[in-house]
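Thank you all for coming. Please bring up the sequence and the model, and I will walk through them slowly.

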Amino acid sequence: MVQPLPTREERAVPGLHPRRFWSLRPRSDRQSGDAIVSNFLLHWFPAKTYKPSMDWSYSFWLGTVSAALFLLLVLSGGPLLFLYVPSVERAYGSVKDIEFAVTFGSWIRSVHRVAAHLMVVAVFLHLVRVFLTGAYKNGVGQGQRRVWNWTIGVAMLLVTLLLSFTGYLLPWDQLAYWAVTVGTNIASSIPFVGPTVRELLIGGRTIDQPTLIRFYVLHVLLLPGALGALFVYHMWRVRKDGGLARADSVAIVSERLRTVPVRSKTYTLLGVARGTAPTVRTATLEAPDLTVNSVPDLTRRISIVALGTVAIISLAAVYVRSPLEEAANALVTPNPAKAPWYFLWLQEIVTDTTVHLGSFTINGAFLGGVLLPGLLVGLLTAWPWLDRSPMTAAGTWLPRSRRAQNAVFLAIAALVILLTLLGTFCRGPYWHFYWPWQPWPEIPTRL
Amino acid sequence: MAGNPHQVVTMEQRMNSPYPKRDRPVLAVIGIVLVAGAVLFTVNDREHEWRYYQYTFKRVVAERLGGDKARTVPTGLQQIWVPALGRADRCISCHQAVTWTGFETADEPFRTHQSEPLRNHPIEKFGCTSCHGGQGWAVDAEPAHGPVEHWEEPLLGRELGTAYSLVDNKAALMQMNCNVCHRYDRETQGADMINLAKRLVHEKGCRACHVINSRGGTIGPDLTYVGDKAPEQYEYGRLSGQKTAFAWHVAHLKDPRALVTDTVMPNFHLTTKEAQSLALLVLSWRKAPVPAAMVAGTPHTDPQTAEERLAEEAMKTGPGAWFVRTGCFVCHSIAVLGVKSPAQIGPDLSSAVEDVQSRFGRTIDDFLAAPTGTMAVVLSRQIVLTPAEKAVAVEKLREAFAEYQKQRAAGTIAGAGNH
């Protein structure tokens with residue numbers, strides 16, 4: 001076979017495909033191989049994906065949704081970086097300008113806000129899914145460290161919450177100011193070091209310019225950087241661990257089925273297609289009727305999820321306007337002053353565990369704001385080591401062998417959700433109980 | 001794919017993928033939703049009332065004043081940026097006729113602003129919202145005019161005044177903002193209700209119990225910045241109707257005990273108009289973020305003490321008055337005549353007659369007629385004296401010297417006045 005000389009364009013950069021926006025029309029085996037080696041997606045995703053891993057109803061693609069939301073947040077945060085001024089005097093005004101005067105400003109801000117809230121939800125649900133399917137358990141693969149990836153995941157949830165919380169302060173309105181006041185006051189209830197921790201967090205004793213610049217730098221630089229790094233590692237580990245836990249469970253099942261071994265491995269990339277190279281016969285990991293090519297079947301589905309997420313946020317941001325309350329005022333506390341919604345279950349616990357005995361008050365901030373969430377996060381991180389269920393329990397929804405621990409987990413999750421809903425929708429002035437349809441007492445205005 | 005027909009293709013076949021058939025339509029639908037979403041948010045972002053008003057105003061100008069004039073009407077979002085007040089007022093995006101003449105009787109938003117208030121309050125220096133209230137950032141009618149949630153500075157116009165049933169002048173709420181700068185004035189032109197309220201403060205003796213502008217009694221609360229008190233901090237339990245700080249003040253002024261049962265504030269039996277005027281006044285007492293130079297009636301000098309003022313007066317009218325008038329005293333004291341120089345650069349002139357003789361070897365007459373050195377410069381440029389005036393100067397200096405000799409003889413001066 002006479003091969004045409006490669007053009008200059010094709011010789012350009014070794015390891016990088018000469019045409020960045022290529023569609024594959026290889027003229028030789030060498031070119032076909034290069035196309036695969038230089039394909040970024042194929043380094044992220046395996047060449048072949050188990051069909052059961054592709055199911056909508058197994059993973060609900062919540063990790064992909066979270067990643068898409070993170071990407072969207074970075075993209076929508078970009079223009080906001082150019083418009084927002086992190087100064088006590090001008091922050092509020094610059095957000096007003098984004099709302100009213102900047103082209104697409106109001107929409108971009110809403111995209112950022114809606115995506116941020118949904119990301120907290122998506123990451124939480126992703127964690128719930130992984131727990132309920134026991135997906136942190138190692139399967140049959142060599143060198144699997146799923147437990148470690150679970151720990152990374154818990155850390156990513158915490159970073160997501162911190163990202164959301166630091167972003168909360170930036171508009172410098174009453175909502176921001178008092179949510180951060182409530183949040184950081186909880187930190188000061190840690191015995192002995194509490195006040196110091198709070199001082200470190202907000203850069204002083206009152207929430208002011210030092211707090212704003214701290215939260216700003218955390219929000220736009222350190223935390224997104226940390227989350228990006230953790231995300232990359234998280235994805236790489238998923239690949240090293242052999243994909244979703246479900247792949248392992250399928251492999252175990254298919255081994256029992258004694259599938260006929262097929263040729264699936266080769267020492268030259270496309271040699272197997274030509275039948276010119278020795279092949280390895282394997283019955284397990286790449287069984288043809290159980291797998292599909294990742295490109296395009298997996299990548300198409302990822303596109304559906306990512307673009308679908310973008311589409312939904314884009315539409316939602318047109319209708320869900322982002323609130324901007326009065327400019328921050330240290331002298332006027334809104335009633336009720338609520339923490340961001342994802343911390344309201346904690347605020348609810350803090351309020352419920354604050355006991356008044358005559359003129360004495362035992363503050364529940366330490367129990368509800370530090371001890372309990374600390375305990376939960378610790379338990380969450382350590383759980384894979386406590387989990388003694390068999391390997392077959394991994395990768396299936398609510399298996400019999402994990403019934404008890406799933407029940408405990410669901411009970412705790414349900415309680416957290418219930419308290420969050422209670423704090424969000426049923427708490428009015430003075431933290432009194434109101435049904436969502438009950439009107440609150442009229443809030444007086446100046447004029 | 002397989003180039004050689006003799007070889008059996010042994011590569012596993014993956015034609016069984018069920019996904020393309022299912023997923024491609026889904027992806028297509030998402031693509032359509034994305035495009036639709038982009039159209040939707042673009043249209044949504046472009047849609048503003050000011051576009052319609054600018055188009056209409058241009059047409060109105062073209063009809064009335066011709067196409068050339070219409071072409072000078074600015075298009076796009078307009079704003080007045082007043083850095084000193086931190087205000088960006090975008091009102092003029094719709095209210096384009098504000099500084100035009102010929103639209104005095106037109107309907108809003110195309111009416112010319114009254115010329116009288118603008119004469120002393122140029123729009124570039126004051127913006128719109130510093131007087132009128134409203135949300136200058138906003139570019140749509142509702143958020144700009146209010147009342148809207150989370151914006152507590154609604155437009156102080158006729159509509160809101162009517163809602164409060166203001167007596168006589170429904171547009172009087174705006175006077176609150178007049179008084180932000182004019183709070184130290186006794187009378188402010190055009191602010192009739194504020195003026196009435198200020199008279200009442202004097203007549204009724206509010207300062208007997210309340211501190212107002214750091215003066216007054218301490219039986220009642222300090223009212224100097226009571227306008228800053230948050231609306232949530234009033235007790236509305238006994239107030240019927242609107243729960244606002246303004247309504248509270250009106251009701252409280254009319255009958256204090258009806259709102260606060262244990263108050264010691266007497267009922268002054270104020271009329272509704274008086275109560276409303278006073279409510280406007282007290283709500284205007286705020287720590288306003290306006291530059292000091294804009295606040296009327298505040299001294300822009302560093303005040304003198306009473307002694308300093310007396311000494312200055314004595315200098316101007318005493319025996320050394322002539323030296324003060326001509327400006328000699330800027331550099332020279334004449335201690336024996338009670339003139340003290342603020343700069344004291346030159347020697348004391350009390351003993352000039354003797355001093356000039358000893359320094360220059362010339363008489364004082366001679367020296368003044370043809371001065372040398374610094375005095376040559378001063379007397380030719382800064383203090384130009386006619387020969388007649390120079391004669392007066394010599395005469396005054398001789399008088400001073402006579403006084404000097406007298407005091408030296410009496411022993412009230414230690415040495416020569418040269419320092």
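I will begin with how the model is to be read, and then go from the confidence to the interface and to some local details.

This is a predicted model, in which local features need pLDDT of at least 70 and side-chain atom pairs count only at pLDDT 80 or more, while totals for chains, interfaces and linings use all residues. Residues are numbered from 1 along each chain as its sequence is written, and chains are lettered from A and ligands numbered from 1 in the order in which they are written.

Let me start with confidence. The predictor gives the complex an ipTM of 0.83 and a pTM of 0.82. For single residues we use pLDDT, the predictor's confidence in each residue, from 0 to 100, and chain B averages 89, with 95% of its residues scoring at least 70. Among the elements of chain B, the highest mean pLDDT, 96, belongs to α13(B), and the lowest, 87, to helix α14 (residues 306–317). By elements I mean DSSP runs numbered from the N terminus, namely helices (H or I, at least four residues) and strands (E, at least two). Over residues 1–14 of chain B the pLDDT stays under 50, and for this stretch the model has 14 contacts beyond four places in sequence. The pLDDT is also below 50 over residues 415–419 of chain B, a stretch with 11 contacts beyond near neighbours in sequence. Two residues are in contact if their C-beta atoms, placed from the backbone, lie within 7 Å.

Now to the interface: how many residues of chain B are in contact with chain A? There are 37 of them, and they touch 42 residues of chain A. On the side of chain B that touches chain A, α1 (19–46) and α11 (245–254) each supply at least two residues, and the largest share, 12 residues, comes from α1(B). By class, this side of chain B has 22 nonpolar, 8 polar and 7 charged residues, where Ala, Val, Leu, Ile, Met, Phe, Trp, Tyr, Cys and Pro count as nonpolar, Asp, Glu, Lys and Arg as charged, and the others, Gly among them, as polar.

Next, please turn to one residue in chain A. Leaving aside neighbours within four places in sequence, Arg109(A) is in contact with Leu80(A), Ile98(A), Glu99(A) and Ser322(A). Of these, Ile98(A) is 11 residues from Arg109(A) in sequence and 7.6 Å away in space, C-alpha to C-alpha.

Finally, some backbone details in the loops. Ser214(B), in the loop between β3 (211–212) and β4 (215–216) of chain B, has a positive phi of about 60 degrees although it is not a glycine, and Ser214(B) is exposed, with 7 other C-beta atoms within 10 Å. His269(B), which is not a glycine either, has a positive phi near 50 degrees; His269(B) lies in the loop between α12 (256–259) and α13 (272–284) of chain B, and counts as exposed with 8 C-beta neighbours inside 10 Å.

Notes. Buried ≥ 20, exposed ≤ 12 C-beta atoms within 10 Å, placed from the backbone.
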